[in-house]
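Have a look at it first, then follow the points below.

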Amino acid sequence: MSERKFKYVGTRPIRHDGVEKVTGRANYGADVVLPGMLQGAIARSEHAHARILSIDTSKAEALEGVKAVVTAADFPDIPCEWKGGAAGGTDFGELSRNIMARDKVLYHGHALAAVAAVSPEIAREACKRIEVNYEVLEPVMSLDAALAPGAPILHPDQEPMGIESEGPTNVTNRLAFEGGDLDAGFADADVVIEREFTTPMVHQGYIEPHACTVRFNEDGKYSIWCSTQGPFSVQMSSAIVLAIEPNLVKCTPTEIGGGFGGKTTIYLEPVAMLLARKSGRPVRIVMSREEVFRASGPTSGGRVRMKLGAKRDGRFVAGDCEIWLEAGAFRGSPAGAAAMTGLSSYTFPNFRIQGYDVVVNKPKVAAYRAPGAPISNFAVESCVDEMARELRIDPIELRLRNAVQEGDRAPYGPTFKAIGLRDTLEQARNHPHYKTPLGESQGRGVACGFWFNAGMQSSAIVSVNTDGSAVVRTGNPDIGGSRVSLAMMAAEELGIPVERVRPVVGDTESVGYTDLTGGSRVTFATGMAVIEAAQDAVQQLRERAAKIWGVDAKDVKWEDGIAHGCNGAADQDPMPLKVLAPKLGATGGPVVGRAQVNPAAAGPGFATHICDIEVDPETGRSQVIRYTTIQDAGKAVHPSYVEGQMQGGAVQGIGWALNEEYLWDDDGVIENPGFLDYRMPVASDVPMIDTVIVEVPNPTHPYGVRGVGETPIVPPLAAVANAMRAATGVRFEQLPMSPPRVLEAIDRNGR
Amino acid sequence: MLSSGYEAPQTVEEAVTLLAADADARVLAGGTDLLVQLRTGAPAPTAFVDIKRIPGMTSMEIGTDGLHCGAAVPAVEIYENQTLCSLWPGLAEATDLIGSTQIQGRATWCGNLCNASPAADAVPALIAVGAQVVVAGPNGERTLAVEDFCTGPGQTVLGQGELVTGFHIPAPAPRSADAYLRFIPRSEMDIAVVGAGVSVTLDASGTISTARVVLCAVAPTVFVVDDAANALIGSSLDAAALDNAATAASAAANPIDDKRGTVEYRRRVAGVLTRRAAKIAYERAKDRG
Amino acid sequence: MARVVFSSTQRALVDGAESVELEARRVVDLIEALYALYPKLAGQLDHAAVAIDGDIYNEGRFQPLEPTSEVHFMGQVSGGR
Amino acid sequence: MAKLHIETRINGEPTEFLCEGQQSLLDALRNALGLTGTKEGCTTGDCGACSVMLDGRLVPSCLVLAAETQGRTVDTIEGVASGDQLDPVQQKFLEHAALQCGVCTPGLIVATRALLEKNPDPTEKEARFFLAGNLCRCTGYDKIIRAVLDAAAELRGDAA
C-alpha cells in the first residue's frame, strides 16, 4: 500500500460527545424517562439448580401499585436448537430460557418472573411475594464436578457436538485443530514443559448496570431504549425470543457505560416488552449491581493443559493444548476462540489444540474482550516463559525465534498477511523498560498475545449540510471514542476539519443494518463504510461543481475540501465546500453519500507486554510497579483512544491475574456479588501504563487500520504471572494470584 | 416495610425517647454501613434517627485531658485535624483507611463501633490508645472502654433507647505513640483481612514501659492481645521481643475462613502486622522522647 | 480447483480426509459439492464462517473463489469489544 | 407514610422536593429532580459514580438519605461548568481523552475538584489514592491521572 499522507487521521481531536459526557448531560440506559413509565423488577432463583414445580404470582399481583406480572408462561416456547458452527453460534431457545427460566433454574439469580409497578420499591416487594415451589437439585459448580462420573446433568436431552458420548453429559462440544505429527514432534524435542493451569470465572465489570426502557404501541410495535453494544442484535434477538417480526421492534441505543462484550446479548428487553404490553404503560428495568454479577454474562472459568516441546536452540517443535471452559448454565463458552488463538503466536510444525465446552450451574457466559483468548494464552505464554528459563534464552529472544510472520499458517487454518508480532517483540527488547534494573523482591515478565479482529456488516451515511459541514450516521454505539474516529475518517475524505463533521449513532430505523460494537471491528469495518460513504459524497460534490462550471465531472478534482478544475477546466476558480454547499439544492438536491460493507476478518492484532511486579514476601501482596504495552494497531486513527484501549485492556488483565474471581459457597450461591469483594483494580493499584503503538498497515483496509480493542487483555495474565515467577521463584498455575495463594506458594517453595 | 420514617432530633434526650419507643428504629450517623445493609437485603427500619442535628455530635475538642469527639464526626474531619494527627497518628491513619474518600465524608467512629464488625479499622486503633465511649440512654449516661463495647459480630452492649454520643481519648503520656496497619489484597477499598493497632510508652532510657496490641478481623470481636503487649514491655524492641510479640499475636488470633482470607493466612499476617506496627509505634515514641 | 482443508473435528465427517480439491466458482457451490461428496457433512457448513486465502468471512456464502483458493470452514469470529 | 418535604440548595438554586424516609439522595437527584448526571453504579458506596458534594464535602449520594439534605447545600456534576465555560477539570478530561464510555466521568470530575480544592498540587500517588473510590473499567486510569495532574497545574497557574 502506498504511504498516504493524512491530514486528520493520526491527530488527537477532542471527541464530539465529550462535552455531554463531562457535564453529565449524556443519557445512559438508566437515564431514559417516559411519561407514565412503570418500574420493573425481576424475581430470581434462590437455588443454583432446581426444577420449578410451580410459580404462584397471585400475592404479587394483589399488591397495590403492581400493574403487570410475567413468567415463562407468558413467553413463547422457543425450541432449543443450535444455530451456528461448532466454534460459535446461538441457541435462541436457550437464550429465551436464560432470560426467563422455563422448567429449571440453572444458576443462583436465574430469572423466574418479573413485575412492573408504579415504583421500584413496590416492584421489588412484589417479587418477594412470588412463591416458587422447587425440587432442589445438586448444583454442579466446577469443571471437575461437571465431568465426574454420575454428575448431575444440566441438560439431559441435549446431544453433544464433536464427541461420541455414552449417555447424557455436561460436555456440549469439542473442537480440535491438528497439524504435523505430535508424537514425533515431542520425541524430537530436547526439552518438554508440561503444566496445567486454571483460571476463575471473571466479570467484565462495566460500571453501568444493564438498563432498558420499552414502550408498546397498540399497533403491535415496540420501542426499546437500552444500553447495548448492538441495537440490531437487540431488535433481532428480542423478536425471535418473543416470536414476532423484527420490524415490530425499534431499538434506540442510549449512551453505553461500558460493555467489553457483556452487552452483546439480551437479558431485560423481552421482559420489559411483555410487561409493557401487559400493563399498557412504558416500563423501565435497571439491574442492580448484585443482579449484574449474578445474572449477566461473565466469562468462563477454565482449565488448560499445555505441553510445549523445543529444541536446544529454542525452536518450538511441538505444542499440545487442551482447553476446558465453563459455559455457565447453557452451552456456548468461547472454547472455540480459545482454541483458535492459543497457539497462534508461534509456528509449531506439530501441534494439537482441543477445546471443550462444559455446562455448570453458573451464569451463562457472554463475550468478554477477546473471549477465551486470555485463558489459553495464559497457559501457553507461561510455558514459553518456563521454556526460556530451561533453555537459558532471553524470553523475548525465544519468542522472536518462533514468532509468526507474514506467510505463516495459523493453527486454525489460514495464512497470515502482514502482521506485527515481531515488530512488537523488537520494540519490547529495545524499550528502556526492558533494560531497567530491578530491586529486591521485584520481578519482570513478558508475554505476547493475539486476537483475530472481526470484520462483519456495517453501513454508513455521510450527508453534506448547507453550511458545508457534514453528518456521519452509523449504527454502532460509541463505547470508547468511536464517534470521533469515524468523523476523522470522513473529515479526511471530505477535506474538512473534524469539528465540522458531526458523528451520529443511529437507531434501527435510521441506519442500515450494522453488526454490533464488538470484535474490535468498529474503526476497521464501520470505518471502511464511512470512508466509502464519504468518497461517494465527494464524487457527488465533484459532479455538482462540474454542473456549476458546465464541465465534465472528470475535469473536477477534490482536494482539501475544495473543488478544483483540471484538464480542460483548469481555469475555474477553486470552489470550497462552504461555497458549493448552499448551491446543492440548485444542482440536484442534497448530497448524501452511502456505503455498506461486509469485510473479512483480516487484520490480526498482536501485542507484547512487559510487567514489573513487587511482592511483599511476608504477606504475599503484590503491586504492579511498571507496565508497558506494545501493540500493532495498524494505522492508529486517533492515537489517544488507541492508547486508551491498550491501557484499559492491560489493567483489566492485571485485575484478572491478581485479584478478580467469582466466589461460590457449597450451594452455588455467589459470595461476592459487589465491587467490595469482587476486587477490580482501583486507581492506586496500578502504575501509569506505557504504550507503544506499532503501525503495520492492514492491507485490507484503505487506511491500513486494524482492530485494537481486544488484543490488550490477552497478554497480561501471563505477563503478570511471569513477573511473579521472576520475583518469587514460583510458577503460578492458578489465578488469581491473590496474596494468600502467593504466600502459600512462596512457603511451599521454601524461599 | 416499604417506607421508613426519618427523624432528626435536636437533643440527645429526644433521640433517646425516639429509640426507646421503637425497637426497630435505627440511629443514622454516616450511614455507610446501615444504608449498605439496607441495599443488600436487610429489613428497612421503621425510622432513621439522624443524630447529626444534635449539637456536639459533629464537633470535637482537644484539650489538656485529651480528645472529646462527638459520635457523628466524619472520618475526613478526624484525619484532617493536624493536632489529632500529631497526638494519635495511628488512630488518624486507621480512620483514613476506612473506605474511599467519599465514604470518609460520611463514615464515623460511632458507626464503625456500633456496626460491631470484627474487621472495623478505627476500633483497634481506638482501643490501642485507651479510648472510652460515651453512651446515653433512658437511664442517663454511662462511659465504658471501647474494648468492652462489642460482644460479638453485630452485637453490642447497647440496650433499647441507648445510643453512642461520643468518645474520650486521654492525652497521650510522654514518650508514647501509636500505630495501626491493616492488610487488604488491593491498595484501597477492601475490608481488613487483618488489622493490628499498637501503642507503646517508653521510659527515659527508651525501654517500653507499657504497651497495647489490638487485633481486628481475626476473632469474633476486635480484641486486646496482652501476651503480645507483654512481649514488648521491658524491651527496646529487639528482634527477640518483636518475634515474641508476633508469635503471641498469631497465637491469639482465632479467625475464620471466609471470602476475604483463610485461618492460616490471617494468623500469619496478624503476626507480621503486629511486628510492623510495633516498630512504627516505637520509632514514633522515640521521636517524642 | 479450490482446495478445502478440514479441521480435525471436521475430518470425522469426511472419512478422515485432510483436504479435498473441488471445482467451484463460489463458496456456496463448493458447499454443495462437499455435501454431495460427504453426506455426513450435510448441513454442517450452513452457518460456518469461511476463510479464503486467510481472510475470514462470517457470511461468505457468495464469495467468489479463484482456481488456486485455499478454503477453511470455521466458527464465526466475533468478540467482545 | 406521608412524604417528607425537603428544602435544600442544589447547585446554588433553592430547591424543594418530596421524598420518602429511606430514599437516597442519588434517587432523589435522578428521579425526583431529573439530575441524571449523577450516575448509579452500585448503590453500596463502592464505585464512586454517584459522587456529589454535600456542604462542601465529597460524599457518595447513594449512601446519603435525601431527607438529610434539609437546609444543606448539594453540588452535582450539573453545576460544575459555569455559564458557557467548562471547568478546567472537565476541559482536561477532554483534552487527555480521560474518558471512554464516560459513565464514571461525572463522579470522577466531582471527586477531582474535591481533591484539588484540598490539595492543589497532588503527587501522582496522592491523586491515585484520593480517587481510589472512583472505579473506571475502561481507561486503566492512566489518562485520568494525567488529566487530573494537568488540571491541577492549570489551576495553580503553572505553565503546562
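1. Across the interface of chain D and chain B, 14 residue pairs are in polar contact, both residues at pLDDT 80 or more. A polar contact here is a pair of N or O atoms within 3.5 Å; within protein, one must be able to donate a hydrogen and the other to accept it, and residues adjacent in sequence count only if both atoms are side-chain atoms.

2. Four elements of chain D each give two or more residues to the side that touches chain B: β3 (51-54), β4 (57-60), α3 (105-118) and α4 (124-130). Of these, β4(D) gives the most, with four residues. Helices (H or I, at least four residues) and strands (E, at least two) are DSSP runs, numbered from the N terminus.

3. A word on the source: this is a predicted model, where local features need pLDDT of at least 70, side-chain atom pairs count only at pLDDT 80 or more, and totals for chains, interfaces and linings use all residues. Residues are numbered from 1 along each chain as its sequence is written, chains are lettered from A and ligands numbered from 1 in the order in which they are written, and side-chain values use heavy atoms, leaving out hydrogens and water.

4. Now the salt bridges (a side-chain nitrogen of Lys or Arg within 4 Å of a carboxyl oxygen of Asp or Glu). The rule finds four between chain D and chain B; one of them joins K118(D) and E80(B), at 2.5 Å from N to O.

5. In contact terms (heavy atoms within 4.5 Å), 33 residues of chain D meet 31 residues of chain B. Chains B and C, however, do not touch.
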